[in-house]
Amino acid sequence: MRAFTYERADSVAAATRAIAETPGAKFIAGGTNLLDLMKLDVETPTHLVDVNRLPLAAIEETTEGGLKIGALVRNSDLAADPGVRKNYPVLSRALLSGASGQLRNKATTAGNLLQRTRCYYFYDTGKPCNKREPGSGCSAIGGFNRIHAVVGASDDCIATHPSDMAVAMQALDAKVETAMPDGSLRTIALSDFYRLPGKTPDIETVLKPGQIITAVTLPPPPAGVQIYRKVRDRASFAFALVSVAAIVETTGGKIRSARLAFGGIAPKPWRPVDAERALAGNAPSDAAFARAGEAVIAGGRGHGHNDFKLPLVKRTLTAALAAATRSA
Amino acid sequence: MIDMSNPIGSTPLDRPGGLLGQALDRIDGPLKVTGRATYAYEYRGEGEVGAPPAYGFVVVASIGKGRIIAIDSAAAEKSPGVLLVMTHANASKQGDRSSGAVPQLADDRVLFHGQPVALVVAESFEEARAAAYLVKPSYAPEPGAHDLAAAQEKASVPASRGGNAPDSSKGDIDGAIAAAPIKIDVTYTTPPQSHAMMEPHATIARWDGDHLTLYTANQMLPRGIEAVAGTLRMPKDRIRLVSRYIGGGFGAKLQVQADAILAAMAARMLNRPVKLALTRQQVFAVTTHRSDTIQRLRLAAERDGTLQAVAHESWSDNAPGQTGFEGAAMATRNIYATPALLTAHRLATLDLPVSAAMRAPGEAVGLLALECAMDELAALLGMDPIALRVKNEPTTDPQNGKPFATRALVPCMQKGAELFGWNKRNPRPASVRDGEWLVGIGMSAAIRGNPMLAAKASASLGHDGVLTVRTSMTDIGTGSYTILGQIAADLLGLPIDRVRVELGDTSFPAAPGSGGSFGANSAGSAVYDACMNLREALLRKAGLQADGAVFADGAALVGNQRVPLDSLAGDGVSADGAATPGDSRQAFVQQSYGAHFAEVGVNSVTGEIRLRRMLGVFAVGRVLNAKTARSQAIGGMTFGVGAALMEAIAVDKRDGWFVNNNLAEYHVAANADIPEMNAVFIPETDDRSSAMKSKGIGELGTCGAGAALANAVFNATGIRIRDYPLTLDKVLKAWEQTDAGQRTSLSPGRLPG
């Protein structure tokens, strides 16, 4: 950890201004990821702007009947919110499957979206990593890559996004509300929020310098069955090898709509639109589920240690869809 | 002096109603949960540390093998608060590694990824760490060997260790295998593992003239002094090691590590105390780990299950210059009767961090292979796995023919079968399910050596009536404080709150420490002797005969005379004690035994394996404390669950880097992985084992535990995975290979038959 300066922002405007005016500045909220990375010299901010006192910790219903989740709502509070549990159970379950109780108490909604990858090579400054040091190379390709991506990756980076929460939000068609340093507000669909690595894996989101997340909004509660299933190496406190959020509406013995998102397999929460299309209008069946699974991993590839994720995606999806359509 | 060459006979500890054996709370528990127990990094203040300490931070090599060309420390030296940057260029000359020394920053060679190459010392921890990131070594990397399988052919016969030759042979192995109707020839592999104890290695070094005090986290202090003396080339009597509380060891703190040596050297250079802790990431490579193994098992039997041949060959690896090997086949010499028995160990030299002992070295991984091979043989024979083991129960040691001191393996298996409901196990694999989960039950035998080493202790009764027991024995979280207190309290007839136990300081009488399951046997027998000598001294002082005296309720009872101890103590009475194993381990086979039973679920969709319930039954001589013994046992079993299902250091084969060097990615079992676990002890006393008639218990719980899970996985699925840990990718691979068509499409409620 390098020496840094620190200030506590008392308004969104002051926070964004502080970041925009100070090169090397970063926001800090829960700090559950940033502080670890600073201790490891992976993140070296010169200035921290503490946003914990901004008035962004509320969960409110929107006029459209959806939900507005303040950027500073702690993961524990969001998971336990009665409205979330009742109307968006996929989100509550995703949150509770992540991290540990202590971390969820500290971690915030915006911080969860912006957490960095758990790629081993990203965490050690002695290793080449294009995400940490653009142009240095990707050590995970040809290295140990059990936890790495099978879809959406590039020749420069195969890291995954580790969030569970964001996977559920992706399936829920969440939007990210932000404020710019000039005071203007911008709303970004979560599906547009993350960038694939391509040749610039160091740039992970579409956020501009100083742009701050103020809230995540969810549309009105979706019809259908909501499922979050996480596959992992131990029963708790483990990142997903594969996770799936599924919101499936059936009617008249057919799937009316299926909204799917995957964690653990891609550089961002992975929304397989082709798979969703392949399911819509079809009766639930192993064959239909299998076609959807194939669509999810179409064009994907393993890198050795993570090859198992390809069949695992299909199996997990099939089971999730079967559970979601059991009453159809 | 207690000499265990002869049985201890009747002792005051046999008297019923004592504290020994009771489930007493840890006497150090309140100190620990209120933060008043000082761990190595936590000593402060004039009295203990002297001047305010400076803080060290280690810089480690980022190549797997090669040479340091230069270390640019200019920026670090100019960084705020920095007092010293130590590299091989300015580190003091140290003893040679071959003499048991552990030299640090000795030269420009990089032997493994993660080897310390510099130390930064500064006024604060934060300043030291920030400056450490500014130290820029440049290297000339060399290609290294980082893969055991690739080096297997080049492995050689290692030197004997601890009196155990690497190879053993009895009977005609090849002939017996050729002639037997039923046989298996299987190869198991186990990965490198990390101790992953909670407290990282840490030291505060303080010099007073030419005397060195190290507050450090070390399991075996007298041996630690030897290593420090050899490394720093100074007399042993000028070194004091203090390890009053240790946050877990599991073998990781058997050796003196870089933290102690670097802190001592820096403190001498700066003429100021220096404190130094390794980071979690550094612990993985700077210290030691358990080697991976490749184990070939050949078992041959008659159709009735009578073993005709057992051959167990094991390959492990260690760093250049290191001779220690993983004794995976050692227990195979002691467990089953067979006319032909072969064991062999081979050691490959790899450019990896140093391999050394981790909880139950040898047995822990050896039984992962042997006890699954026995399960394979039982399946092939169509025989119950317990019946197969009972069939091959020996009457004397299978290798050397010596008598057993006590051996209760069969009673452990039988008791466990009864308590666990073994008769409910469906012997046909893949035939029980619970929703998505395929359910299976498995068992394994447990065996672990029961050593004892020479030890000393003192006991003194103060004028305040408080009994103080001292020995350099350590408590690494096991309960040493408590059991030694119970022994002393019973022998002097005092309540536990009148006993003070002081451990972990080489200014106390020497005990070997915590390791190899010898701690309680050794230090306990020495405390026993000290307390017996103290009884005699107290009675002598009062002019009373020791014969027939009973110490109870704070008094000595001699004949019909009752003498309160307070009145006997005067200004204080002290006695020393000592104990030696004598030839007890040569004349008799000393082992502790047990049996594990596990029920697992294997998710038919994802291949995830989860423990559902587990039972261990153990025979460990007299149980000294029912609570700490149970904790030791279920802790060991939990260790075994980790070994079976998740624990593995991932090695980047390109440069030998330990990739998952943190507790987020190096998985040990979490609470949710251990739903229901119990340990039961069979009543036993062994009067040839220790003065308390107890046996070591620290490692037995993990021996065979993982094999019980692996055998349960086979029972659940019909799949035999021989490559630990049993992660879901291996299950999926087996399914995809065996019956892809049937299992790739799975939905709950329509599971394969």
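A salt bridge is a side-chain nitrogen of Lys or Arg within 4 Å of a carboxyl oxygen of Asp or Glu. With that in mind, welcome to this predicted model, which holds 58 salt bridges over all chains. Side chains of opposite charge can pair when their charged atoms come close.

**A salt bridge between the chains**

- Glu436(B) and Arg229(A) form a salt bridge, and their closest N and O atoms are 2.7 Å apart.
- This pair crosses between chains: Glu436(B) sits in the loop between β17 (433-434) and β18 (437-449) of chain B, while Arg229(A) belongs to strand β9 (residues 225-231) of chain A.
- Both Glu436(B) and Arg229(A) are buried.

**Salt bridges within chain B**

- Asp147(B) pairs with Lys653(B) in a salt bridge, at 3.8 Å from N to O.
- These two partners come from distant parts of the chain, 506 residues apart: Asp147(B) is in the loop between β7 (136-141) and α5 (148-151), and Lys653(B) is in the loop between β28 (651-652) and β29 (657-658).
- Asp147(B) has a relative accessible area of 27%, so it counts as partly exposed.
- Another salt bridge joins Arg346(B) to Asp167(B), with 2.9 Å between the closest N and O atoms.
- Because Arg346(B) lies in strand β16 (residues 340-349) and Asp167(B) in the loop between α5 and β8 (168-170), this pair ties together parts that are 179 residues apart in sequence.
- Arg346(B) is partly exposed, with a relative accessible area of 21%, and Asp167(B) is partly exposed too, at 33%.

**A network in chain A**

- Lys26(A), Glu43(A), Arg116(A), Lys131(A) and Glu204(A) are joined into one network by salt bridges that share partners.

**Where chain A meets chain B**

- At this interface, 39 residues of chain A are in contact with 44 residues of chain B.
- The size of an interface is often given as the accessible area lost when the parts come together.
- For chain A and chain B the buried area is about 3500 Å², and carbon and sulfur atoms give 52% of it.
- Four salt bridges are counted between the two chains, and 17 residue pairs are found in polar contact across the interface.
- On the side of chain A that touches chain B, the elements giving two or more residues are β9 and α12 (309-324).
- The largest share of that side, seven residues, comes from α12(A).
- Sorted by class, the side of chain A that touches chain B has 17 nonpolar, seven polar and 15 charged residues.

Terms used:
Residues numbered from 1 in each chain as written. Chains lettered and ligands numbered in written order. Predicted model: local features only at pLDDT ≥ 70, side-chain atom pairs only at ≥ 80, totals over all residues. Heavy atoms only, no water. Helix = DSSP H or I, 4+ residues; strand = E, 2+ residues; numbered from the N terminus. Buried < 20%, exposed > 50% of the residue type's maximum accessible area, 1.4 Å probe, protein only. Contact = heavy atoms within 4.5 Å. Buried area = accessible area lost by both parts, 1.4 Å probe. Polar contact = N/O pair within 3.5 Å; in protein donor to acceptor, adjacent residues only side chain to side chain. Nonpolar A, V, L, I, M, F, W, Y, C, P; charged D, E, K, R; others polar.
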